[in-house]
Amino acid sequence: GSIAPSIMDGLEDGRLPEGIEALSIHLGTGTLVWPSVVLPNLRTLYVDVPVRFDASSFPMLRGLSIYPDRSLKNLRQALALPLDELNLLNVPVAGEIFDALSSSADGLERVGLLGGTKLKSLDGLEKLAHLEAVRLKNLSSLADIRALSRLGHLKMLDIQYCKRIANIEVINDLAALRELKIVGCGKLGLEKIEAKIISRSEE
């Protein structure tokens with residue numbers, strides 16, 4: 001369930017164990033302003049509302065799931081961290097999101113775009129050349145996934161509830177792909193990638 005925001009307002013250094021490695025915060029509504037509390041060993045953080053924070057609070061963070069604000073300020077702050085995985089629970093703007101993500105260090109290996117109505121194309125995602133895993137979920141306007149074909153290291157692709165994709169056959173060009181999940185996407189023309197699916201299942 002959700003917690004009262006006042007619990008976070010009163011958080012001070014020492015109230016959470018320094019050894020904590022995973023933290024999931026569910027407020028339900030509003031915005032979280034992370035207090036000046038440092039979690040030196042935190043590796044994974046999930047926050048279900050927009051959050052403002054200073055990267056120095058989570059020096060060892062490797063996996064982050066957040067709602068970016070419209071200015072992408074908190075996303076840019078996040079990209080100052082040594083992240084392996086970044087999940088955006090909403091994509092508030094279209095092309096600018098990939099310009100921001102491309103400023104990340106080469107260490108970013110897994111990206112999830114998990115909601116939003118603005119994104120029509122993945123153009124720009126190819127700037128993240130080292131990506132090994134991509135999750136696409138609840139992107140109601142997404143039609144063009146051509147940029148995936150330029151990700152030469154992509155091993156895992158997870159597409160859920162994206163019903164407007166018009167060029168699903170791009171998946172045939174993913175030479176490094178080892179894991180594919182497609183859920184709740186309607187009639188995307190899966191027969192166009194039948195050979196790819198069969199070849200993966202035989203390996």
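A salt bridge is taken here as a side-chain nitrogen of Lys or Arg within 4 Å of a carboxyl oxygen of Asp or Glu. In this predicted model, Arg 150 and Glu 126 form such a pair, with the closest N and O atoms 3.3 Å apart. Arg 150 sits in the loop between S7 and strand S8 (156-160), and Glu 126 in the loop between S6 and S7, so the pair ties together parts that are 24 residues apart in sequence. Arg 150 is partly exposed, at 43% relative accessible area. Glu 126 is also partly exposed, at 25%.

The structure holds seven salt bridges. One of them joins Lys 127 to Asp 99, with the closest N and O atoms 2.6 Å apart. This pair links distant parts of the chain. Lys 127 belongs to the loop between strand S6 (110-113) and S7, whereas Asp 99 belongs to helix H3 (residues 96-101). The two are 28 residues apart. Lys 127 has a relative accessible area of 47% and is partly exposed. Asp 99 is partly exposed as well, at 43%.

Another bridge pairs Glu 109 with Arg 110, with the closest N and O atoms 3.5 Å apart. Relative accessible area is 27% for Glu 109 and 31% for Arg 110. Salt bridges that share partners join Glu 85, Glu 109 and Arg 110 into one network.

The overall fold comprises four helices and nine strands. Their order from the N terminus is α-β-β-β-β-α-β-α-β-β-β-β-α. Of the 203 residues, 45% count as buried. The chain exposes about 10100 Å², of which carbon and sulfur atoms supply 49%. Among contacts with a separation of 6 or more, 30% involve residues 24 or more positions apart.

The largest nonpolar core has 63 residues. Those with the most contacts inside it are Trp 34, Leu 113, Leu 122, Leu 125 and Leu 148. Beyond its neighbours within four places in sequence, Leu 125 is in contact with Phe 98, Leu 131, Val 134, Ala 147, Leu 148 and Leu 151.

Val 134 lies in strand S7 (residues 133-137). Its relative accessible area is 1%, under the 20% cut-off, so Val 134 counts as buried. With residues up to four places away in sequence set aside, Val 134 touches Val 111, Leu 125, Leu 148, Leu 151, Leu 154, Met 156, Leu 157 and Asp 158. Val 134 and Leu 157 are 23 residues apart in sequence. In space, their C-alpha atoms are 5.1 Å apart.

Definitions and conventions. Residues numbered from 1 in each chain as written. Predicted model: local features only at pLDDT ≥ 70, side-chain atom pairs only at ≥ 80, totals over all residues. Heavy atoms only, no water. Buried < 20%, exposed > 50% of the residue type's maximum accessible area, 1.4 Å probe, protein only. Contact = heavy atoms within 4.5 Å. Areas by Shrake-Rupley, 256 points an atom, 1.4 Å probe, with all protein chains shown as cover. Core = buried A, V, L, I, M, F, W, Y, C linked by side-chain atoms within 4.5 Å.
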